[in-house]
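Subject: Structure handover

Dear colleague,

I am passing on the structure below, followed by notes on what was found in it. Please read them with the model open.

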Amino acid sequence: MAAREAFLAESHIAAVAVDAGSGRGPLNVPVWYDYSPGGEVRFLTDGESLKARLIFKAGRFSLLAQRASPTYRYVAVEGPVVASAPTTLDELAQIAARYLPPDAVPGYVDSSDTRALVTFRMRPERWLSADLGAL
């Protein structure tokens with residue numbers, strides 16, 4: 001468990017998947033996210049986006065983080081949304097800092113309109129992982 005939590009805590013582009021309704025496959029889109037071992041998965045998005053509307057409706061989502069370069073590894077988590085709230089500047093800066101060079105974060109935050117953003121928090125209930133380098 002510790003190894004997959006540590007992997008999920010690294011900065012990976014993740015994919016969020018959520019039920020898109022009858023007769024459709026799940027919506028699956030890339031996101032920036034944040035996670036600390038033992039905590040909740042957090043990501044932010046436009047509150048009016050299809051992704052947000054579907055997550056509000058379903059009340060849960062899955063997130064997959066992977067590394068495609070050798071050795072290939074992935075961690076997927078699925079669970080309920082435990083909170084959703086307007087995104088703060090601090091949340092935006094914290095998530096952006098995982099993906100952007102330090103000198104680019106202030107400009108990115110300053111140019112973003114957080115009024116439209118919502119932060120989702122998910123408590124992982126189910127985990128699936130693989131480390132193909134361990135073979």
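The model is a predicted one.

Loop between E5 and E6

The peptide bond that leads from Pro70 to Thr71 is cis, with omega near -5°. Ala68 is also found in the loop between E5 and E6. With a relative accessibility of 66%, Ala68 counts as exposed, because the cut-off for that term is over 50%. Ala68 and Ala20 are 48 residues apart in sequence, and their C-alpha atoms are 27 Å apart in space.

Core

The largest nonpolar core is made of 32 residues. Those with the most contacts inside this core are Leu8, Tyr33, Phe43, Phe61, Leu63 and Val77. Strand E7, residues 117-122, gives the most to this core, with four residues. In soluble globular proteins, nonpolar side chains tend to be buried together.

What does Phe43 contact, once its neighbours within four places in sequence are left aside? The list runs through Val16, Val31, Trp32, Tyr33, Lys51, Ile55, Phe61, Ile95, Val118, Thr119 and Phe120.

Helices

H1: The buried residues of this helix are Glu5, Phe7 and Leu8. They lie on the same side of H1, because they cover an arc of only 160° around the axis. Ala2 and Ala3, on the other side of H1, are exposed. The buried residues of H1 pack against E3, E4, E5, E6 and E8. For Ala2, the relative accessibility is 63%, so this residue counts as exposed. Ala2 and Pro37 are 35 residues apart in sequence, with a C-alpha to C-alpha distance of 7.7 Å.

H2: This helix spans residues 50-58, and Lys51, Ala52, Leu54 and Ile55 are buried in it. Their arc around the axis is only 165°, which puts them on the same side of H2. The buried residues of H2 pack against strand E1 (14-18), strand E2 (27-31), E4, strand E5 (60-67), E6 and E7. Gly59 follows H2 and has a positive phi, near 75°.

H3: In this helix, residues 89-97, the buried positions are Glu91, Leu92, Ile95 and Ala96. They are on the same side of H3, because the arc they cover around the axis is only 125°. The cover over the buried residues of H3 includes strand E3 (33-34), strand E4 (41-46), strand E6 (73-86), helix H4 (105-111) and E7.

Arg121 is in strand E7. Its relative accessible area is 27%, so Arg121 is partly exposed. Arg121 and Arg42 are 79 residues apart along the chain, yet their C-alpha atoms are separated by 4.6 Å. Leaving aside neighbours within four places in sequence, Arg121 is in contact with Glu40, Val41, Arg42, Pro80, Val81, Val82, Ala83 and Glu91.

Where is Glu125 placed? Glu125 is in the loop between E7 and E8. This residue is partly exposed, with a relative accessible area of 40%. Glu125 and Phe43 are 82 residues apart in sequence, and 17 Å lies between their C-alpha atoms.

The largest pocket holds about 160 Å³ of space. Helix H1 (2-9), E6 and strand E8 (126-131) are the elements that give two or more residues to the lining of this pocket. The lining consists of Met1, Ala3, Arg4, Phe7, Glu10, Arg73, Tyr74, Val75, Ser129, Ala130 and Asp131. By class, six of the lining residues are nonpolar, one is polar and four are charged.

Regards

Methods:
Residues are numbered from 1 along each chain as its sequence is written. This is a predicted model: local features need pLDDT of at least 70, side-chain atom pairs count only at pLDDT 80 or more; totals for chains, interfaces and linings use all residues. Side-chain values use heavy atoms; hydrogens and water are left out. A nonpolar core is a set of buried Ala, Val, Leu, Ile, Met, Phe, Trp, Tyr and Cys residues joined through side-chain atoms within 4.5 Å. Buried means under 20% relative accessible area, exposed over 50%, partly exposed in between (1.4 Å probe, protein chains only). Contact means heavy atoms within 4.5 Å. The arc is that of the directions from the helix axis to the C-beta atoms. On a 1 Å grid over the protein atoms alone, a cavity is a set of points where a 1.4 Å probe fits but cannot get out, and a pocket is an open set with protein on both sides within 12 Å along at least five of seven lines; lining residues have an atom within 4 Å of a point. Grid points are joined across faces, edges and corners, and a volume is the space filled by probe spheres set on the points. Ala, Val, Leu, Ile, Met, Phe, Trp, Tyr, Cys and Pro count as nonpolar, Asp, Glu, Lys and Arg as charged, and the others, Gly among them, as polar.
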